[in-house]
Structure formats: C-alpha cells, structure tokens
Amino acid sequence: MRVFLLLVAFELSWAQYNPNTKPGRTSIVHLFEWRWADIALECERYLAPNGFGGVQISPPNENLVVTNPWRPWWERYQPISYKLCSRSGNENEFKDMVTRCNNVGVYIYVDAVVNHMCGAAAGSGTHSTCGSYFNSETHDFPAVPYSGWDFNDWKCKTGSGEIENYGDPYQVRDCRLVSLLDLALEKDYVRSKVAEYMNHLIDIGVAGFRIDASKHMWPGDMKAFLDKLKNLRTTWFAEGTRPFIFQEVIDLGGEPIKASDYYGNGRVTEFKYGAKLGTVIRKWSGEKMAYLKNWGEGWGFMPSDKAVVFVDNHDNQRGHGAGGSAILTFWDSRQYKMAVGFMLAHPYGFTRVMSSFRWPRYFENGKDINDWVGPPSNGDGSTKSVTINPDTTCGNDWVCEHRWRQIRNMVIFRNVVDGQPFTNWWDNNSNQVAFGRGNKGFIVFNNDDWNMSETLQTGLPAGTYCDVISGQKEGNGCSGIKIQVNATATDAFAMSALTAIDECH
C-alpha cells in the first residue's frame, strides 16, 4: 500500500475554508438530532476507526419547546437563548462529547442558528429546553439578553413583516423568514452576543460551524461577527487555526442573492449538487450518467474549493429547501447508495454524509404531511438513544446511512484517493460509467437496465482487488467480489469500487 500525505499551508485568508479535519480524513457526517452521549460513543466505536473526519451536530442551544405538533424536528431552529441545553443534552454532556470525539480525531461542527430567534407567535413563558423566560410578542429574551431594539422589524419594508418576494434581496435579509424574529445583525451588540456564543463553543473545542440561514443575513454583517471569533483550541489544533465556516445559501439560480456573495466568509453549501445528481441518477429529463464527465464546475457549480456538497440534507430529504422530488434519500436506498458513492469517489467539493431517522410518511396531494415529525422519542418527548443491532445497523428508527457498508467503505475510499487526479473516464453514452483516481482507486457504475461487460483501463497496479461495494477485505480474502487487474479490469456489476487499501494480494 502506498499512501502519500500532502501537507498544505493555508494562509489566513484561506483559513475558514479549511475543514480542519485530520490529514487522511476527508468527509464529515451529519448525525441529525443525535444525543451528545450517543455521538461521543459513535466517534469512539465507529467514526474514528472508519476514517470519518467529523460530525455536524444539531443546534446545541436552548430552543422553544413545541407541543403542537408534538416536538417537531424544526423546534431546534427556534432559539430562545444561547445556553447549551437541548433535547440532545446539557452543557456537561456537550463538553464530554467534544472532548471524547476530539481525542480520537473526529471533530465537531456546530449548526449555528444566529439569523433569528423563535417565531413571532411563540407567545411567552418558560416552555423552552432550559426553562428560560421569553416573550416573543415584546421580543424579550432576557437569557441572552435581547430586547425589541435588537430586531429588524423597523427595517423590513413589507406590510406583513415577512419575506414576500425572494427577488428582493432586502426583504430576504431584513424581513422574517417564516415568521422567525429576525435579528438586527448590523448592530455591534447583536454581533457581539452571537460571537460570544460561538466563542464559548470554540473554548469547549469545536472545529467549526455550519451557519444556518446565511442567505438571510448580509455577508458583511456575517463577516463582522466571524471576525470576532477566536482561533481554535491548541489542545487539539495547531496554533493559529481558524474555525471552519460553511454557510447555508440556497442558490439554484434565478434569484439576485448568489452563493458567490458569501465566498469571502468561508465555504458555501452547493445545493445544485444534490438536485442535479438526483435528476441524473433518476434518469429524469433525458439526463444520463454519461453527462457527468465534466461534473462540478462544468455543470455551473461553484469552485470546488468553496463548496460543501451532499446528496441530501435534513431539509430537502423532507421536501423543504431545494431540489424537490429529485432529491435522493434513504427511502430510495439503491439509487441513494449510487449517488453517495459517486459523490465520495469524485474529487469535487468537501463532502458531508447524511445520517437520518425514519418517520411515518403519509402523503396527501403529493405532499408528505408528516414531514414535521421529530426524532425517535419517548412518551415525555425525550430523544431515544441510538441502539446498534448485531449486524452493525441502527435500531430505534435511526437510519444511520453512514453505517451502510457501501457508504462507509466509500468514505474510506475517498480518504485513500485524496489528492489523486480524476482519470480514465469511460462511459457507454448512457448510464454506465467508470473513472479512476490516479493509481489509488477505480469505480464503476451501471445505472442502465441491462448487464455490463466491458474491459476498462483502471490505472491501478496489477493485482487482485476486493470490490468494496459488494463486500470488503477480510483477512487475506474478500467477502464480496474479487476483480483481477492487469492494467485493465473486467466488471459487470451495478457499482464497484476498487482501492489499493483493499488489495487481496
């Protein structure tokens, strides 16, 4: 096995684009709605041994407790304060998780909800995850504290106070997003409170942040609070390391707000990625996998070094956000594995894997009316633990796509081929394609409705390889398909990935 690590020096201007993952770890996983105690265990028992670089966690701060509907997933996006207590756990459990994950080289990326507080109709009282008092009508959040002076009501020019026209960037950034009270981030006081929250998380040891609803904040206001952030803790990170920043900006084209507006602050979520790849894998609109030869910037995506990419996320797997019915999810398991496999094999962007929970889907007029359902819960609304079955899959309605053999092995594949060129593309002018990553890996896809039998140039050293899609290397053999490479490989399977870490010889 030949593994070369390339150490790249990042200048300060580049720093917030650097994911800060350890060398040789190239992907993170979103453990959506997991408890902190379960994440700590998962870092130690599964993520570190299998080469995952980090975990995006759900918002850790105090949020509104919503009981109608019963404890929906989206209550996590209705802040009441920046105290660290949520249904995922308290501050001590959060600190324990960060320490334990960092100690095994799996870093934590916080979903930071700083554009707004709770909804205007939330009322008043102490029905929040820490029990802090608030009054949404008077915009009073004493646990921060914020008052009516700290919101954008005066600035929004629509009659309703809501965003009414996404073609108007002032409305999108100054008015309420689905009635959520919009913070006045032009005020240095508000910027300072946001930075204080994020710096507390940095002090604990987090590696970076997904900034929720970035599209709804002015890039300059974001830069102002990001400039207030500390460097990461030297307990786990090199001196002078800046927090990784990736911003949620939904830009499918056709609106005045562009993802490129936010490049100055850090990376940006490339929502076109999952929408386009889903359309191709589903073979809709005449799309074919053969067209993926120039995937990435050639499809009108942002530059690779600015992009965070994913097949689906917690919003659009429920039909929200972007991509509509083209988005592939765990409900479409075969196609989903193919899409995630393609993402992890292809060099474009920084990759995030989704890990979900099941909910009882129920469709009326083509819409899932249960898209609000929160994580697997006990009768009192507390989140169920993630149990592990004997076959290493998850129980208690946790899907755990990151534990699917094909996805786990492709995370490892990506680590091995990191830095290798995109080579040896082949296609049949339809939906059978293959490509290599230098002399370290090769992958084949058959998304046609007929068998495949081709002799392909792989670029791999001669030898006997394990296909890490159908199985994996076990001892001196393969639990799945063995493929002989003599500078070429013959393959006739739906998806096969060959990598030098799984040579049988």
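Q: A crossing of helices is left-handed if the near helix is turned anticlockwise from the far one by less than a right angle, and right-handed if clockwise; which of the two is the crossing of α6 and α7?
A: Keep in mind that we're looking at a predicted model. Going by that clockwise-or-anticlockwise rule, the way α6 passes α7 is right-handed.

Q: How many nonpolar residues are in the contact of α6 with α7?
A: On the α6 side you'll find Tyr273, Leu277, Ile281 and Arg282, and α7 brings Gln335, Met338, Ala339, Phe342 and Met343. Sorted by class, there's one charged residue and one polar residue, and the number of nonpolar ones is seven.

Q: What about α1 and α2: is α1 roughly parallel or roughly perpendicular to α2?
A: Here α1 (residues 36-47) packs with α2 (residues 91-103), axes 8 Å apart, at an angle of about 10 degrees. Anything under 35 degrees counts as roughly parallel. So α1 is, relative to α2, roughly parallel.

Q: How many charged residues does the contact of α1 with α2 have?
A: From α1 come Trp36, Ile39, Ala40, Leu41, Cys43 and Glu44, meeting Glu93, Phe94, Met97, Arg100 and Cys101 of α2. Eight residues there are nonpolar and no residue is polar, while the charged ones number three.

Q: Are the rings of tyrosine 146 and tyrosine 189 stacked or edge-to-face?
A: This structure has 35 aromatic pairs. In this pair, the ring centres are 6.5 Å apart and the planes stand at 85 degrees. Planes over 60 degrees apart pass the cut-off, so the pair is edge-to-face.

Q: Is tyrosine 146 buried or exposed?
A: Tyrosine 146 sits in the loop between β6 and α3, and its partner tyrosine 189 in helix α4. Tyrosine 189 has a relative accessible area of 34%, so that residue is partly exposed. Tyrosine 146 has a relative accessibility of 2%, so it counts as buried.

Q: How far apart in sequence are the parts tied together by tyrosine 273 and tyrosine 348?
A: These two rings are stacked, 6.0 Å centre to centre with 15 degrees between the planes, and both residues are buried. Tyrosine 273 belongs to helix α6 and tyrosine 348 to the loop between α7 and β12, so the pair ties together parts whose separation in sequence is 75 residues.

Technical notes:
Residues numbered from 1 in each chain as written. Predicted model: local features only at pLDDT ≥ 70, side-chain atom pairs only at ≥ 80, totals over all residues. Heavy atoms only, no water. Helix = DSSP H or I, 4+ residues; strand = E, 2+ residues; numbered from the N terminus. Contact = heavy atoms within 4.5 Å. Nonpolar A, V, L, I, M, F, W, Y, C, P; charged D, E, K, R; others polar. Phe/Tyr/Trp six-rings, centres within 6.5 Å; stacked < 30°, edge-to-face > 60°. Buried < 20%, exposed > 50% of the residue type's maximum accessible area, 1.4 Å probe, protein only. Axes fitted to C-alpha atoms, helices over the stretch in contact; angles between N-to-C directions. Parallel < 35°, antiparallel > 145°, perpendicular 65-115°, else oblique.
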